[in-house]
Structure formats: structure tokens, C-alpha cells
Amino acid sequence: MFRDTIDWLLGIDRVLLGEGEWGIALRNRPEVWVIFLVILPAIALCVWSIYRREGKSLQVSPRVRITLGILRGLLMAFLALVIMQPVLFVDKENRRQTNVLVLIDVSQSMTLKDKLTDAGDRERVAAVTGIHRGSGRLSLEEERALDSAARIDLVNQAFAKDDGALCKALAEKHLVRTYAFANGLHEFPPVKAGTQIAEGPATAIGDALLGSVNDQKGTPVAAIVLVSDGRSNSGMTPETAAQYLANRDVNVPIYAVGVGNPQEPKDIEVLKLVAPEVVTAKDWVTFEFMVKSRGFTGETVSAELAVDGKVVAEQNVTLLGAEIEQAVTLKWRPDRPGDYDATLGVPVRAGELLDTNNSLLHHLKVVDRKIRVLYIDGYPRWEYRYLKNALIRDTASIEVHCLLVSADADFPQESSRGVPSLLEFPAEKRDLFQYDVIILGDVDPRDPRAFAAPTSSLTWDQALENIAQFVEEMGGGLAVISGVHDTPRSYRNTPIARLLPVVLEGIDEGEAGSSDNITESFHPKLTPEGRESPLMRLEPDKAMNVELWEDNDGREDGLPGVFWYTPVKKSKPGATVLAVHPRSGNKYGPYPLIATQNYNRGRVLFTAIDSSWRWRYLVGDKHFYTHWGEVIRYLRGGRLIGSKRFNLYVGRPTYALGDKVELSARLYDAEFQPIQDPSYPCEIDAPGEKHETIDLKAIPGKPGQYEGSYKPADPGSYAATIGPTVLGEEKDRTTVPFSVRLPMIEFEDPIMDRKSLEMAASKTKGKFLTLGEIDQLPKLIQQSGDLVSVESKEDDLWDSPLFYILFLLLITAEWVIRKVVRLL
């Protein structure tokens with residue numbers, strides 16, 4: 001009852017007092033000096049002046065005046081207190097449990113095996129992972145275990161050590177939630193923190209930081225433990241995410257645990273392989289690739305070519321380091337036909353960060369069939385004579401039919417030994433399509449002796465359209481050699497013009513002329529592409545080869561100069577120009593002299609000169625047929641990739657795991673008419689002796705053309721095959737290999753990005769730790785404890801009954817005394 005009365009007098013809720021720490025404050029309190037130096041002296045002065053004046057006019061004892069002054073002062077002070085509005089306040093502490101988020105990087109870069117170089121780092125990492133227990137130096141077995149463990153393995157061991165002691169220590173004052181992230185984020189139980197598998201194709205650290213915080217749905221976060229190598233290559237940057245977390249109402253500190261070696265790693269990489277896919281038996285096959293290294297500067301390694309596991313060629317390479325690409329060329333001559341796996345690479349050396357990028361696999365198909373060549377020319381010019389003779393002499397690789405348009409009717413057209421002479425241009429597609437390469441010399445297309453076969457109704461324009469189809473659809477090769485009379489001028493606005501890698505419109509008729517009228521020669525200038533092309537490689541050494549072509553220092557042992565050329569307008573987009581005129585050109589640049597391009601399924605070469613035969617001077621066929629032999633084999637390449645009736649193509653030879661393999665096909669029946677089936681099966685041979693079949697769908701409006709896609713499930717070597725399964729027709733089946741590798745974005749820069757991790761920790765007032773310091777996390781994070789918030793409540797005292805009673809008592813007491821002493 002007494003407490004209730006007190007509560008009523010003060011006008012407060014006693015329950016409020018029991019909720020926390022209470023006190024009394026003045027809502028409108030002025031500065032302290034104002035109270036003591038202004039307000040109180042003013043009240044005293046006012047009271048003194050009032051009763052001093054009344055004391056002179058009335059006979060009142062000093063005791064009475066003092067008593068009345070005190071009462072009047074108390075009354076005025078009380079009124080001043082009411083104006084300051086005294087209130088009762090209560091501060092209540094609210095404690096909320098906070099979460100600690102543990103984010104573990106499971107991207108593919110975490111599969112790297114670091115060779116830590118600092119002895120102290122090695123010992124600390126070995127200790128926190130449990131590889132080394134006790135004191136003293138690491139044993140040889142422990143050293144090997146440390147070096148053979150991937151980054152994710154070390155992280156797993158650190159969290160699994162002592163039955164998950166790390167997570168248990170973090171959970172003493174917090175709720176621990178664990179997440180794995182790569183290009184996405186998913187939660188897993190803390191007890192599985194030591195069992196993660198790294199296989200993510202990309203790393204999105206910033207997205208993981210914000211995603212994990214947003215996943216708490218309002219629950220406060222005490223800290224984030226980020227375990228990563230810091231190499232973010234997707235989504236928001238770690239710095240941006242850290243800045244966002246730092247700008248929140250409550251800062252979320254990031255404790256970044258760096259995994260990996262921050263020092264420059266050692267590595268050798270083999271890349272940029274250039275090699276044919278199909279070759280002829282007993283022909284030399286050239287493999288060109290690049291070797292890039294870091295950390296092995298000055299060391300000599302052996303670049304090797306292994307075929308079906310056996311080393312068949314090798315070359316010593318002194319590494320330049322600094323990731324400089326060094327060219328390597330290896331050659332091999334297959335003796336018999338078959339399908340071969342060629343491995344180009346450098347043996348893995350001790351201390352390498354990656355052991356998966358030291359080699360490249362190339363599938364090679366070797367066929368035992370000569371290259372069938374049809375060579376048509378208008379008259380027996382020197383270029384025709386020497387090239388025809390060289391082709392006929394190449395009995396090991398070439399089977400040639402020559403058709404000289406100006407020859408008499410009874411002249412026996414020349415051909416390879418044992419091959420019947422050709423009487424006229426093939427009128428039937430099936431006869432024309434048996435060739436691999438067509439060489440078109442200086443021929444008037446409208447000459448009835450050239451393409452209009454006397455024994456058939458074939459017209460010259462139909463014949464040119466058949467040649468175009470031979471290139472476009474059958475993958476045939478076409479070489480066009482300029483001449484002073486008709487080629488290429490007479491082929492403007494014909495199907496041949498669309499095949500050429502150069503534009504014929506606007507050709508300058510006046511600049512080209514007869515060799516008899518030109519006395520000054522010039523040497524073709526190789527373009528950067530020409531310097532790298534096997535077609536222009538007349539000498540193995542690149543520098544000597546350029547000197548041979550361009551005769552830069554005036555040496556007499558260079559190639560003889562050229563006197564005549566056809567100046568075309570320009571090269572087409574997508575064409576590869578191998579050589580240009582050293583001095584003459586137009587607004588588009590120097591005149592192209594030798595150019596190539598892939599046209600649909602086939603390959604085309606154009607040469608603006610007609611005097612390569614002069615390269616035989618003093619050396620015979622050494623340079624002349626080295627060039628033309630490579631040209632013939634290059635042009636045949638499109639033909640060999642697929643069969644003549646069943647042609648299968650993949651988008652590229654190598655895919656990253658997760659990509660779709662795009663397949664397309666051109667299919668013909670026995671009469672070379674497009675197959676009309678709505679779909680056609682394609683067989684896939686996958687790693688592990690797995691076999692699958694997918695259907696390629698017909699492309700509407702494009703008879704005989706099919707397309708489809710396939711998504712590989714595993715890295716490794718694959719082969720796609722299409723064609724008939726009928727007994728006796730297996731030779732028409734086509735197999736195209738392709739390989740699937742792990743995405744390389746995660747391995748482009750494998751060094752731990754310590755700077756990025758330190759910046760993220762610094763922005764959020766956290767801390768960066770190495771993996772060897774991960775055991776410090778519980779002590780650092782426990783200092784934050786639960787999140788404490790103070791809730792304040794107020795209740796007015798100045799308008800409570802007690803204040804009214806005190807006011808009445810003071811004013812009544814003064815009135816009574818004044819009444820008694822007759823001051824009223």
C-alpha cells in the first residue's frame with residue numbers, strides 16, 4: 001500500500017523501474033554554469049530585494065525576514081525546476097545472440113598445390129592442419145604431405161583438426177553458420193566444414209559476402225570468416241562488398257584467411273598448338289606450339305612430341321621466363337594410316353604449381369591415299385610447266401590430272417604415271433568431287449575448250465558453279481594462279497569470285513603488264529601471318545626464312561625477284577594475307593600478293609604472281625616445291641577433315657567443361673544428293689569407354705545440313721562419328737575428335753591475392769590472417785560477444801501529484817507566516 005502511494009505521488013510505473021538502471025534527469029536543463037552563475041544568483045537577488053524593501057517599511061524581525069526569504073527562494077527555485085521538466089529515465093539492456101559466418105572458397109583454384117617457400121609459413125600451416133604435431137622441424141614425410149596437399153585439402157584439415165575444434169570454439173558465444181562458395185553460395189552444416197570439394201568454375205567473393213549476410217534475415221552478424229585465395233574473377237569485387245558492409249548501421253568485420261602462396265609460383269605452360277587434323281601417310285607432319293614459363297628462367301627443358309605414348313621428336317628449349325611465349329616446331333613422319341594421339345609438351349618439373357598445363361593432346365588421322373589434283377591452265381607458260389612437272393614427279397603423295405586448254409585435240413593430256421589422261425573437264429559432279437584440290441591457272445572461262453565439255457551439255461557457268469560447290473559443300477581446295485590474259489580478271493561476277501580471298505572489283509588494269517615490259521623486280525614482303533605460316537616456310541629458321549623471301553640486305557642467295565603481279569583491290573574480311581607488295585598499294589594498303597581463306601567447308605589460295613618457277617634458280621625444286629607442296633596439303637585439309645559424303649564438324653577442337661559442343665554436318669547419298677531425313681544419329685565416344693548417341697536435326701530450308709549440340713559431363717578426349725553402319729559402307733563414316741578441359745579462368749593467375757583480402761578486412765575493421773594463423777580466430781571474434789542494445793524509457797515527474805503538493809505547501813507556508821506577522 002505504501003509503495004502504491006509513493007508511485008501515485010511520483011506519477012511513475014514501478015514496473016518500469018524493475019526493467020533496468022534508472023535515474024533522474026532534467027529534460028530542459030541549461031548548462032551547469034548558467035544554473036549556478038545566473039539562475040540561483042538571480043533568485044537570491046530577487047528575494048533579497050523584496051524582503052529588504054518590505055523590512056524597511058514594516059517592523060519585522062530579521063529571523064522572520066530570513067524565513068520568508070528562504071520560503072520565497074525555495075518557491076522560485078521550485079518553479080525553475082518545473083520549467084526544466086524533471087523526468088525519471090530507465091535504461092534497459094537488450095542482448096541478442098549474433099551469428100558468425102564462415103565462408104569457404106570451393107572454386108577450382110583451391111585445387112592448386114602450393115609449394116610454400118617460407119620455412120615459418122610451412123611449420124605454422126603444418127601445425128594448424130594437424131600434419132605436424134608437437135615441436136621440432138617437419139619430417140620428410142610431413143614435408144611431402146604438405147606439398148602434395150591442395151589448398152582445399154589444407155582448409156579441410158584445419159577445420160577437421162581435433163574433431164572440429166575450430167568451429168566449436170567459435171560457437172561458444174555465437175551461432176556459427178558455414179557456407180561454401182565459388183560462382184554461387186550454399187550453406188552446409190558446420191560439422192562438414194572439413195569435407196568440402198573444390199570444383200566451382202569461377203570465384204565471386206563479393207557476391208558471397210553480401211549473399212551470406214542477406215541470408216541472415218535480420219539476425220545480427222558478429223563477424224565473417226572468409227577463407228579464400230582472394231582471386232575473385234566474377235561478380236562484385238571484394239572491396240566493393242566490404243565497403244557496403246562497413247557502411248551498414250552495424251559494421252560487420254571480415255576476418256580474411258588467405259590460402260595459397262603469395263610468392264610468384266613456378267610453372268611451365270604449353271599452348272597455341274597448330275597442327276593438321278588429317279595427313280597422308282609418309283608425309284612430314286609439322287607441329288607448332290608455344291612454351292610459356294615463369295620461375296625457371298635460364299633452365300633448359302626438353303619439348304617432346306609423343307605419339308601413342310612413344311617420344312618420336314624432341315627439341316631443347318632454354319626458358320626465358322617472364323611468361324614470354326617461345327615457339328617450338330617438331331616434325332614427325334607417319335609410316336602407316338590410322339588414328340593417332342599426339343601429345344606435345346614439356347615434362348613436369350619439381351616445384352611446378354600446375355601439372356595439368358604442361359602438354360596438349362592432338363588427335364591426328366593418317367590416311368593412305370594420294371592427293372588427287374586437277375590442274376587446268378590455258379597455255380604452257382613457265383609456271384604451268386614447272387609446277388606440272390613437280391606434281392607428276394611427286395609419285396609418293398600426288399595423283400594429278402592436267403588439262404591444258406590450248407593443246408590440240410589429239411594431244412595426250414599429261415598426268416601422273418599410271419593414271420589415264422583426262423580428255424575434258426569433268427561434266428558430272430561425282431567425277432569432279434573425286435578430286436581433293438583444283439588448280440586454276442590463266443584460263444578464259446568462256447573458251448569452249450575449257451569448261452564446256454563437248455560430250456555433255458555442261459556449260460561454262462555451270463562448270464564454275466560446280467567448282468564453287470566443290471569448295472563450299474565438299475570441302476575441296478582451290479588454288480587460283482594469276483596470269484597476264486584472263487585470271488583473275490575474267491572471273492569477276494562469276495561463282496569463282498565469291499570464293500577468292502581478294503576483291504576483284506575496281507582492279508587496276510593499267511598497272512599489271514607483261515613480263516616482257518617490266519625490267520625491275522621486287523621481292524614479296526611477308527606479313528606477320530605469313531612469317532608464321534607453314535605455306536611460306538622455305539627455311540626452318542624463321543629469321544633466315546624472312547631474309548630468303550625479302551632479300552633485306554641485298555644478298556644474292558635470296559629468292560629471285562618477281563617482275564609481274566595482278567594488283568587486286570583489297571583482301572576480303574576474314575582472309576589471311578601472307579605476302580604483300582613491298583612498294584605499291586592503294587588506299588586499302590599494300591597490294592596482296594598471296595592470300596588464303598576458308599570458304600565454308602573448303603580452302604582457297606590466291607596468288608597474284610605467276611613466276612614462282614624462278615625460285616628454282618640454282619636450287620631446283622628446293623624452294624619452289626617446298627612452297628607448292630605445302631599449298632597442296634593445306635588446300636586438301638578441308639577435304640580430309642570429313643568424308644566425301646558424310647562431313648561432320650565441331651565448333652572448335654577444345655571446349656571448357658560446362659560448354660555445349662556445337663556439331664554440324666553435311667550429308668549426301670551415293671549420288672551426292674542431299675539426304676532428306678528429318679534427323680540423323682551421331683555417335684559420341686566419351687572418356688571411360690562411355691558411348692552415347694545424339695540426333696542431329698535437319699536445318700529447315702538447307703537440304704542435307706544438320707546441326708545439334710552435346711554437353712560433355714567429364715573432361716577428357718571425345719570423338720564424334722557420323723555415317724552409315726551398313727556393311728561395306730563403313731569407309732564413308734567420319735570421325736571428328738575434340739577434347740574437354742577444365743575451365744582455365746581459375747588458373748590464369750594462381751597467386752594468392754593478399755592485397756585484396758587485406759583491403760576487405762581493413763575496410764570493415766577486421767583482420768587478415770594467413771592459413772597458419774587460423775587458430776587465432778576464436779580469440780579475435782569472441783571479443784565482440786553478443787550484440788548489446790540499450791533501450792531508454794522516460795516518465796515525467798514535473799507534472800506528478802508530488803510536485804503540486806510541494807508547490808502548495810511552499811506557497812501556503814509563506815502565506816501563513818506573512819499573515820501572522822501582519823505582512824498581509
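The second largest pocket in this predicted model holds about 660 Å³ of space. Its lining takes in 23 residues, and H16 gives the largest share of them, five residues. Here, a pocket is an open set of points on a 1 Å grid over the protein atoms alone, with protein on both sides within 12 Å along at least five of seven lines, and lining residues have an atom within 4 Å of a point. The volume is the space filled by probe spheres set on the points, which are joined across faces, edges and corners.

**Around the pocket**
- Nearest the centre of the second largest pocket you'll find Trp284, Thr286, Lys331, Thr626 and Glu630.
- Strand S10 (285-294), strand S13 (326-332) and H16 each put at least two residues into the lining.
- By type, the lining splits into 10 charged, seven nonpolar and six polar residues. Charged covers Asp, Glu, Lys and Arg; nonpolar covers Ala, Val, Leu, Ile, Met, Phe, Trp, Tyr, Cys and Pro; the others, Gly among them, are polar.

**The protein overall**
- The protein has 19 helices and 35 strands, taken as DSSP runs (H or I, at least four residues, for helices; E, at least two, for strands) and numbered from the N terminus.
- Of its 824 residues, 48% are buried. Buried means under 20% relative accessible area, exposed means over 50%, and partly exposed is in between (1.4 Å probe, protein chains only).
- Among contacts with a separation of 6 or more, 73% link residues 24 or more positions apart; a contact means heavy atoms within 4.5 Å.

- The loop between strand S19 (477-481) and helix H13 (495-499) contains Pro488, and the peptide bond from Thr487 to Pro488 is cis, with omega near 5 degrees.
- Asn493 lies in the loop between S19 and H13 too, and has a positive phi of about 65 degrees although it isn't a glycine. Asn493 is exposed, at 72% relative accessible area.
- Leu618, in the loop between strand S25 (602-607) and helix H16 (621-641), also has a positive phi, near 70 degrees. Leu618 is exposed, at 74%.

**How to read the numbers**
- Residues are numbered from 1 along each chain as its sequence is written, and side-chain values use heavy atoms, leaving out hydrogens and water.
- Local features need pLDDT of at least 70 and side-chain atom pairs count only at pLDDT 80 or more, while totals for chains, interfaces and linings use all residues.

How values were computed: On a 1 Å grid over the protein atoms alone, a cavity is a set of points where a 1.4 Å probe fits but cannot get out, and a pocket is an open set with protein on both sides within 12 Å along at least five of seven lines; lining residues have an atom within 4 Å of a point.
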